[in-house]
Amino acid sequence: MTDVIWLVVLFPLIGFLALLFFGKRIGEPRAGYLGSATVIVAFVLALIAAFDFIGGEGEAHTVVLFEWMPSLGLDVAFLWDPLSAAMTLVVTGVGALIHVYSIGYMHGDPRFGRFFTYLNLFIVSMLLLVLGDNFGVLFVGWELVGLSSYLLISFWFTKPSAAAAGKKAFVVNRVGDVGFLVALMLIFSSFGSLAYGEVFEHAPEVLSGGMATAVTLLLLIGAAGKSAQLPLYVWLPDAMEGPTPVSALIHAATMVTAGVYLVARSGALFELAPTSAAIVATVGALTALFAATIAVGQKDIKRVLAYSTISQLGYMFMAVGAAAYVAGVFHLVTHAFFKALLFLGAGSVIHAMADEQDMRKMGGLRSKMPITFATMAIAWLAISGIPPLAGFWSKDEILAVVFNRGGAWIALWVIGLITAGLTAFYMTRLMYMTFFGAPRWADGVEPHESPALMTMPLVALGVASAFAGFINTPWRLGFEHFLEPTFERFEVHLAHPPDGITPWILAIVSVLVALAGIAIGRRRYGGAMPAETGLWWDRVENGYYVDDVYGTTLVLPGKRASQVMAFAFDAKIIDGIVNGTGTAVRAFSKALRPLQTGLVRSYGVGILAGAVGLLIWFLSRGGV
Amino acid sequence: MEVFIEAAIKSVIVFGLLLTVTIFLVWIERKVVADMQNRVGPNRAGPWGILQTVADGIKLIFKEPITPRMVQFGLYLAAPIAALIPALLIFLVIPIGRPFTLGDRVIDMAGTDLNIALLYILGFSSMAVYAVVLAGWSSGSKYPLLGAVRASAQMISYEAAMGLALVPVIIWTGSTSLTAIVTSQQAPFAVDWLPSWLPAWNLVLIPSFVIFFIAGVAETNRAPFDLVEAESEIVGGYHTEYSGFRFAMFFLAEYINIFNISALTVTLFLGGWDGPFFGPHFLQFWLLPPLYFLAKTLALVVVFVWIRASVPRMRYDQLMSFGWKQLIPVSLAWIVLFSVFQAIRQFGMPWA
Amino acid sequence: MGEWIVFVIFAIASVAGGLAMVSARNPVYSAMGLLLTMFSMAVFYVLNLAHFVAAIQLLIYAGAVMTLFLFVIMLIGVDKAEDTTEQIPLQRPIAGLLGVGLLVLVLLAGRAAWVTGRGAIPQETGTIEAISDEFFANWILPFEATAILLTIAAVATIAMAQFLMKPRAVPADSDEVAA
Amino acid sequence: MSVGPAWYMALAAVLFGIGALGILTRRNALVMFMSIELMLNAVNLTFVAASRALGGIEGQVAVLFVMVVAAAEVTVGLAIIVAVFRRRATASVDELAELAG
C-alpha cells in the first residue's frame, strides 16, 4: 500500500494540470470542487499509507520514480517515513480544509479557477518538498513553493501593494535560497550525493566540525528565508496582501514551516555542529520575542496573525535548535491547526466586514458570527497556552525541553516565557477588539455569519485545535514514538523534557504567565478602545521600521549601484565598446568600399591574381 | 595497316549504301503517298518512275545556289554539312549482318562495334540539332529562325524521351553495344508454351519500342511532328533560304535520318539481322542477314510514310505538352516498372 | 604515330576554338568556337581510352549544354555583333599579363611535377561496366548527391521561369529592346 | 607511340588560360559563362589524362561528376541570365554593378 505514495502527489498534480488547461472552462464552483476533491483524495491516501506508522510497525522506505540526473546519482525518489508522513498529513489535511473554505471565500472572483490552479500547484510542490528522498527533490519543491507563494501573494496583481508584496517575498526568499543552494553544493562536494540516506549515514565520518558548521549555517540561512526568521522575516507580514486562505495555508500552516522541517530533517548534520544548533535556537528565540512585541501594536487583523506566525515559528526554531525535534514538529502540527483556524476565522470576519481588515473598525461581532467566534476563541486559548488545548502541550514541551538543557539555555527559556505572555496578551487584544465591545463598523457594513462552506472547515479545525495536543502528553508520548523511527535511524539524540516534578512546575509557571497576559489584555481592552498613540506604539506598529532600515541600508545602495551600472557603465563603457566597434568597422569598410566595384570582371582579376600569386609562392618554395 | 583498310572499306560501303538507299527511299515515299492519296506519283523517269529521284538530284546539283543578303556566310555554309555528318556517322555502328570470317579475320558486318554504341548514337543525334539551329539563325531571316527554334526545342524534348526509352533495352540486354544487343535477341522466349525455335527478339520491350518510335518520328521532324517546316505558318522552316545543292544536303540528311531511326529500331527491338536462316553457307552468313535487315528497315520506313500520309500535323503546344507531359512520364513509369520486373527476375520476390 | 597526328590536329582545333570563342564579337560564333573545343575534347578522351566519358562529353556538353547556350543566345536576342571596346581601365593589359603569367607558371609548375605513370592502361578500363562498378561501389553517395543536385537545379530553373513569367515586371521602355 | 600526359596537361593549361582571359576581357555574360565551361573542360582533360597515366579510373569518375555539376550550373546560370535580361534588357555584366560600394 505504501508504495503508492506517489499517488498522493499525482492527484493534486492532475488537478493542477486539469485546472491549468481547462480551469476557465470548468467554471466557478466546479473548479473549486475539482481542486478540493484531488487534495481530499490525496489526504485519504496519505492517511491510509500512514496507518503502519501509527500502529508503530511501519518501516521508512524509499520509492524511486525515475532516474533524474544519473551522472549525479540523483533520482526522483520519495521517502516515506514518519516525519514526511506527519508533514504530508498536515499539508493535505489542512490543505483540503482550506480548499473547501476557498470555494466560499473566493466566490465571485473573476479568476476563481486560476486560484485553485495555484493552490493545487502549491500542494504538489509542498508534497515534493516534504516527500523528497534527497536534497535535489527537496530543492525543487522548495523553489516551487516559493513560486506558488509568489503567484498567490500577488494573486490580485492589479493591486500595486499585492504585486509589490509578491515581489518582495520572492526576492527575500531568493536571498535565503542562495544560502541553501551553496549548502547543497557543499554537501554534494563532500558526499558525492544528495540522498538523505547517503548524507546522514556518513555525515560523522565525512564532515569535519568546521564543514558541518558551515553547511548547517548555510542551511539555516535557507530555512530562515523560507520560515521568516530574524533577518529575513520581512516578507511575511507583507504576504498578507494575498487572499486569506493563502495566508492560512501557505504563510501560516505549511510553507513557512518548511524551514523547521529542513532543520529537523537535517538533524543528523546539526548534531555534528552544536554551535549552529545553538545559533538556530537563539535566532528562533529572538525572532519569537521580536515578532511578539511587534504583534502587540498591529491594527490590521491579518498582520497581527502574521507577526504571531513569525513568533510561533521562532518557537519551533528554538525547539529544533535545542535538538527537541519532536517538540518542534509537534508544535508545527498544532500550530498548523490553530493558526490556520485563526486565519480562516479572520478571513471569515474580513468577509463579513466587506473586506475591512482594520480591527479598530470591528468590535462586537460575537453575536453576529457565533460559529466564527466560538472556533476562534478555541484557537485563541490554544495559542495562548491554556490547557488542555493543543497549543499548551506543544509550547510547554518546547519550554520544558529548553529549560532542561540548563546553562545558557535558561535565558532562552526566559525569552520563551516572556513571549508566551506577550502572545496571550496580543491574542486577547485581537479577540476583544474584534468580537467584544461596541461595534465600530463603518457605514453600510452588515456583518453576517459566513456560509457553511467556510464555517465547516472552521469547525473541523476547531476540533483539531482543541484535541490535537493529546497526541503527545507527558503520560503518553504517542507522537514521539511515532516520529522515533526517523531520528533513530541516524542516531539523532533527542532532547527530552525533565523528569519528576520539574515539568509540572514549569507548566504551572507558563500557564500563570499566559493567564496574566490574558488578564492584562482583558483589562485593557475589555471596555472602550484605548488610544494607542505615542512614540512606542508608533515604532511597534511599524515593526520598528525594519523595512525602512533595510530600504536605506540594502535596497537603496543596490538601486544606486544599478543606476550607476545602467546609466554610466552600460551606457558609456559597454555601449561605447559596441558603438566603437561599429564605428571602427564602418570606417574600415569606407576605406575598403572602392574595392567593391560591382564589376564582375574586376573581381575575376582579383581571383586570377590570387591564383598567380599562389603559384609563385608554391614555385618559390621549390616545387609543389 | 589492315585495320585502316578494313575501316576505309567499311566506310565507303556504309556511305554508298546510305546514299543509294536514300534515293530509293524518296521514291518509295512518293509512290506510297501517291497510292494512298489515289494519285499515280512519279512515273516518267525509268520504270515506275524509279529514276525520278536521281533526276531531281541532278537538277539540284546544277541549280544556282542563291545566297541571300543577310546570311552569316560561314555558318550558312556549315549548316548543311553539319546536318549530313551526324546522319552518316550514326549508321556506322549499326550491324547490318552476321559477323563472318574472312581468312583468319573475323569481320563485323558493321562500321565498327563500339561498346558504347547507344551513347554514341544519342550523342550524334543530338549533334543534328546544330544543323537546324545554325541554318535557321545564319539565314538572317525571321521564318527560318522561328523554324529553327521550334525544331531545336522539339528535338531536345524528344531526345529525352528517346534516351529514356533506351534504358529498358540496356537493362534487358545488359549492354550498350549494338552487336551484343542483336546477339542477345536470338535467344528463345523463356517460357514453355512457345516453341524454342521462335526467337524472342526484344518483344517484351514493346512499350519501349512504341516510345522510341514516336520519339524517332519527332526527332526526324516527320509528320505528324513536322512543325519545323509547317508551310502554313513559317514557310519552309529552317531551310527556307537554302537552294540547290545546299538544300539537297538537308534533304539527304532527313532521309538518311529516317533510315537510321528505322534501322536502329530494327536493331534494338526487332532482332536486327536475325531471321529464319537456311541454305548454303554463303546464304546463311553473307546474303540473308543483310537482306532480312534491309527488309525490316524498309518495312519500318513504309510505316513512317504511312503515318505521314494518314495523321494530320499537330499544333506546337500540343507537340510540346505531348512530349513532356505524356511521353516522358510514360517512359519513366515504364523504366520503373521494368526495373522492378527485371529485379524480381534476377533476385526473386522481395519476400522469397 | 597515328595518335600524334590526331592529337596535333585536334590540339590546334581546340586552341583555335578557344581563341575563337574569346575573340568572336558575335556570341553565336563564340558558341561555335566552344563547340569545336568540346568536340576536340571528346576526341582527346577517346585517345585516352575514356570512351564512355567521350560519349558523355558529346551528349552533355556538345548535345545539351551548348544547345542550351545557343538557344538562350537566340532567345534573348544577343546574337548580334557586340561592341568589344574595353571600358574598365587597365583591364585588358592586366588580364593579358595575368593570363600569360598563369600559363607560364602552370607550365613551370608542370615541369616540376608532371604526372608520370605506367603509361597506357588496359583497354577495358574506360568501359561502361568499369565506370559503373566504380560509381556504384565507391562513389554511390556522391552519385546520389549529384542526382539530388540535378533535380534541385531543374526545379529551380523551372521555378525561375514560372515566377518570372507571371508578374512580367519589365519596365515598358526596356521591353524587348534587342529583340 | 602514344602521346604522353605532359602534352595533355600543357594543352589543358593553354585552354585554361584562354578561358581565364575570356572571363576577364568579355562583357557578355553568356560568353563569360562559356569561358567558365572551357576552363572546366580544360580541367577535365587533365583528369582524363592523369587517369590514363596512373592506370586508374577515378579520374574519369571525377570528370563525370564535373560534367553533372556543370550541367546543373548551366541550367541555373542560364535561367538567371534570362531573368536578368528580361528585367534589364542587357547581357553585359558591366551594367550589373548595383553592388558597387
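Visitor: How many salt bridges are there across the interface of chain C and chain D?
Guide: One salt bridge turns up across that interface. By the way, this is a predicted model.

Visitor: Okay, which residues make the salt bridge?
Guide: Arg52(D) pairs up with Glu3(C), and their closest N and O atoms are 3.2 Å apart.

Visitor: And how many residue pairs are in polar contact across chain C and chain D?
Guide: Six residue pairs, counting those where both residues have pLDDT 80 or more. On the chain C side, several helices supply at least two residues each, among them helix H1 (2-23) and helix H6 (140-165). The largest share, 13 residues, comes from H3(C).

Visitor: What kinds of residues does chain C put on the side that touches chain D?
Guide: That side splits into 58 nonpolar, 20 polar and nine charged residues.

Visitor: How many residues of each chain are in that contact?
Guide: Chain C brings 87 residues and chain D brings 70 residues. Together they bury about 7100 Å², with 74% of that area from carbon and sulfur atoms.

Visitor: Why give an area for an interface?
Guide: The accessible area lost when the parts come together is often used to give the size of an interface.

Visitor: Got it. What area do chain D and chain A bury between them?
Guide: About 970 Å², and 65% of it is on carbon and sulfur atoms. Helix H1 (residues 5-25) of chain D gives the largest share of the chain D side, four residues. By class, that side has nine nonpolar, two polar and three charged residues.

Visitor: How many salt bridges between chain D and chain A?
Guide: Zero salt bridges there, but two residue pairs are in polar contact, both residues being at pLDDT 80 or more.

Visitor: New topic: how many aromatic pairs are there over all chains?
Guide: The count comes to 60. Take Phe53(A) and Trp80(A): their ring centres are 6.2 Å apart and their planes sit at 45°, so this pair counts as tilted. The two are 27 residues apart, with Phe53(A) in helix H2 (residues 28-54) and Trp80(A) in strand E2 (residues 74-80) of chain A.

Visitor: Is Phe53(A) buried or exposed?
Guide: Phe53(A) is buried, because its relative accessible area is 4% and the cut-off for buried is under 20%. Trp80(A) is buried too, at 0%.

Key: Residues numbered from 1 in each chain as written. Chains lettered and ligands numbered in written order. Predicted model: local features only at pLDDT ≥ 70, side-chain atom pairs only at ≥ 80, totals over all residues. Heavy atoms only, no water. Buried area = accessible area lost by both parts, 1.4 Å probe. Salt bridge = Lys/Arg side-chain N within 4 Å of Asp/Glu carboxyl O. Polar contact = N/O pair within 3.5 Å; in protein donor to acceptor, adjacent residues only side chain to side chain. Nonpolar A, V, L, I, M, F, W, Y, C, P; charged D, E, K, R; others polar. Phe/Tyr/Trp six-rings, centres within 6.5 Å; stacked < 30°, edge-to-face > 60°. Buried < 20%, exposed > 50% of the residue type's maximum accessible area, 1.4 Å probe, protein only. Contact = heavy atoms within 4.5 Å.
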